[in-house]
Amino acid sequence: MNAQSKKNYDSIIKEGTALMYENPDKAIALGNQIIKEAKDNTDIKIKTYKLISDAYSSKRDYEKSILYVNKASQILHLSNDKLLKIIIYNKMGIQYEQLKIYDKSLQYLDQSEQLILEYPSKDSIHYYLGVNYVVRGFIYKEKLNCDIAIDFFDKGISSLLKSKSKSPNSPISIAKYNKGNCHLQMLEYSKAKENFLDAIKFAKKANANSLHAFALKGLAEVSTKEGKHAEAINFLNNAKQISAQVNDLVLNKQLYKGLAENYLALNNWDNYKKFHNLYLSTQKLIKENERKSISESLKEKKSELNLKFKNSLPKFYLAYIAIFFTIILLVFAFLYFIKLKKKEISALQDQINTLQNLK
């Protein structure tokens, strides 16, 4: 593959990345086409596997997302591109955070951060450091508290805003949305609303419909807390319309839940039942997908352990053979020692007999 074709593939991958939230199915189709054509170009394959994994993450299909990020990870050792390794380790951290396997997530984030700190061109890694901090914010929000999480979201946003090599709008929107959620939990409604509005602004810049819809959902939650149920329903319906083509199950579940709660508050029983049933059916589907994803992750871990076991077998056999021959040598040495002693005893007995005969 020549430099021109590599450049073209990079351009197509960039195009797919832009479609990730608005039309993930198209991004997946582009990625699969590149994989068929990329042949033995390792770096292009790794980038494309990540694109497909990201698109499946956008669809909340974590089973397939893990499958493709693992494909990238399996050939990562063949690449000399340190920046690409940073990207994949970050992605692995994101993947395990989504599965709520936080220790494993932090392990990959630490590996990525170490490579970031060692990377010679600091201007080109602001984006990836920013993403790293934002994902840590998600984890600390769940494991520790919102104060610590907000600190990491702010660090992430600050680093992302310095990025010149890659558009930071989508991750900034995600960070702002999560900051808004933290302020909502802390009953700081004005700060929550401010962050949700910022999240919408950055989502629009990224043409990310699902992120736009999540931020609208956040505004609806503020309105619900303030008792403005009709306003909340308007935000939620707007979010549902914007994200209709995305088919994000987690987003849909939260939108249905919000609509059901607000219609219930307005004593609109028909709409309450309609959206409550949609909420329950979507929740069931999400649970099924999560079980499949965890199962796939466990299969991958089992496969890794089996591979390590197979790789260790030759060493085991060599050690076993070495021990066997060592034992044989010790046995022969022991028998030889016994034989020598018998000869010495026999010679000594002969001397005693000779002395006795002389007497």
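Reader: In what order do the elements of the protein chain run from the N terminus on?
Author: This is a predicted model, in which local features need pLDDT of at least 70 and side-chain atom pairs count only at pLDDT 80 or more, while totals for chains, interfaces and linings use all residues. Residues are numbered from 1 along each chain as its sequence is written, and side-chain values use heavy atoms, with hydrogens and water left out. Helices (H or I, at least four residues) and strands (E, at least two) are DSSP runs numbered from the N terminus, and the protein chain has 14 helices and zero strands. The order is therefore written α-α-α-α-α-α-α-α-α-α-α-α-α-α.

Reader: What percentage of the residues of the protein chain count as buried?
Author: Buried means under 20% relative accessible area, exposed over 50%, and partly exposed in between (1.4 Å probe, protein chains only). Of the 359 residues of the protein chain, the buried part amounts to 43%.

Reader: Which residues of the largest nonpolar core touch the most other members?
Author: A nonpolar core is a set of buried Ala, Val, Leu, Ile, Met, Phe, Trp, Tyr and Cys residues joined through side-chain atoms within 4.5 Å. The largest such core has 51 residues, and those touching the most other members are L83, I86, Y128 and F153.

Reader: Which element gives the most to this core?
Author: The elements that give two or more residues to the core include α5 (82-98), α7 (126-143) and α8. With 10 residues, the element giving the most to this core is α7.

Reader: Are α7 and α8 roughly parallel or roughly antiparallel?
Author: Axes are lines fitted to C-alpha atoms, for helices over the stretch in contact, and angles run from 0 to 180 degrees between N-to-C directions. The axes of α7 and α8 come within 7 Å and cross at roughly 165 degrees. Angles under 35 degrees count as roughly parallel, over 145 as roughly antiparallel, 65 to 115 as roughly perpendicular and the rest as oblique, so α7 and α8 are roughly antiparallel.

Reader: How do the residues of the contact of α7 with α8 divide by class?
Author: Contact means heavy atoms within 4.5 Å, and the residues involved include H126, L129 and G130 of α7 and F152, F153 and S159 of α8. Ala, Val, Leu, Ile, Met, Phe, Trp, Tyr, Cys and Pro count as nonpolar, Asp, Glu, Lys and Arg as charged, and the others, Gly among them, as polar. The division is 13 nonpolar, five polar and three charged.

Reader: Is S159 buried or exposed?
Author: S159 lies in helix α8 (residues 146-161). Not counting residues up to four places away in sequence, S159 touches H126, L129 and G130. Because its relative accessibility is 6%, S159 counts as buried.

Reader: What is the orientation of α12 and α13 to each other?
Author: The axes of helix α12 (residues 229-242) and α13 come within 9 Å and cross at roughly 155 degrees. Residues making the contact include I233 and L236 of α12 and Y256 and L259 of α13. The angle makes α12 and α13 roughly antiparallel.

Reader: What distance separates the C-alpha atoms of E261 and N271?
Author: E261 is found in helix α13 (residues 249-265), and with a relative accessible area of 42% E261 is partly exposed. E261 and N271 are 10 residues apart along the chain, and their C-alpha atoms are separated by 9.9 Å.
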